[in-house]
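Subject: Structure for your review

Dear colleague,

Please find below the structure that I am handing over to you. I would be grateful if you could read the notes that follow alongside it.

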Amino acid sequence: KNGDSRVVPVNRESKFYPADDVKVPLKSRKKARVGKVRSSITPGTVLILLSGPFRGKRVVFLKALKSGLLLVTGPHKLNGVPMRRVNQAYVIATSCKIDLSGFEVDAKFNDAYFKRPAAKSKAGGEFFDKKEEEASKVVDPARKADQKAVDSKLYDIISKLPNVRGYLKSRFSLSKGQYPHEMKF
């Protein structure tokens with residue numbers, strides 16, 4: 001008009017608009033941070049596991065991982081608990097401590113070490129095949145060797161301490177009339 005150029009939209013805007021206001025979620029400025037390890041949990045502290053397949057077992061805390069999880073071990077030779085990651089919300093720290101001054105945890109034991117391999121998608125015919133499932137449950141021989149190496153060092157330290165071996169072997173449980181909030185661990 002009047003010699004000027006005008007802009008014509010290629011895609012026209014819809015004439016429909018919702019009668020009610022559309023709720024747009026507010027942007028959160030919170031960032032996911034790694035929590036601090038409790039002051040009662042130090043390397044060598046004996047912990048009681050509260051959930052999972054090893055609930056009630058006593059384990060030795062080795063180190064805190066970058067994800068905020070705790071690296072613990074039974075040792076497997078004593079009570080059958082392998083090296084594993086545990087959330088500190090699911091443990092009770094006891095007053096029993098083992099001196100791990102001569103014990104060094106390898107740097108290879110990190111979150112990537114414990115990450116599960118990616119699951120393969122199954123097609124229709126392969127769904128009922130159980131061979132692959134059984135093969136996935138077999139523990140890697142390298143992992144077994146790592147467990148034995150850590151266990152042997154830790155077992156030497158534990159065997160020198162009186163009563164600690166039996167304490168780690170025994171399971172934690174509550175009897176009638178025992179209340180955890182009244183106990184000192």
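The notes below cover the sheet, one lysine and the aromatic pairs. Please bear in mind that this is a predicted model.

The sheet

Five strands form an open sheet in the order β4-β3-β2-β1-β5, and their pairing is antiparallel. From one strand to the next, the twist averages 45 degrees. Within this sheet, β2 (residues 58–64) and β3 (residues 70–73) are joined by four bridges in the antiparallel sense. Ala64 lies opposite Leu70 of β3.

Lys57

The loop between β1 (45–49) and β2 contains Lys57. Although Lys57 is buried, it has no salt bridge: Asp151, the nearest side chain of opposite charge, is 12 Å away. If neighbours within four places in sequence are set aside, the residues in contact with Lys57 are Leu47, Ile48, Leu49, Asn79, Val81 and Arg171.

Aromatic pairs

The count of aromatic pairs comes to three. In the pair of Tyr113 and Phe114, the ring centres are 5.0 Å apart and the planes stand at 80 degrees; as an angle over 60 counts as edge-to-face, this pair is therefore edge-to-face. Tyr113 and Phe114 are both buried. Together with Phe109, Tyr113 and Phe114 are linked by ring pairs into a cluster.

Yours sincerely

Conventions
Residues numbered from 1 in each chain as written. Predicted model: local features only at pLDDT ≥ 70, side-chain atom pairs only at ≥ 80, totals over all residues. Heavy atoms only, no water. Pairing = 2+ DSSP bridges. Helix = DSSP H or I, 4+ residues; strand = E, 2+ residues; numbered from the N terminus. Axes fitted to C-alpha atoms, helices over the stretch in contact; angles between N-to-C directions. Buried < 20%, exposed > 50% of the residue type's maximum accessible area, 1.4 Å probe, protein only. Lys, Arg positive; Asp, Glu negative; His and termini not counted. Salt bridge = Lys/Arg side-chain N within 4 Å of Asp/Glu carboxyl O. Contact = heavy atoms within 4.5 Å. Phe/Tyr/Trp six-rings, centres within 6.5 Å; stacked < 30°, edge-to-face > 60°.
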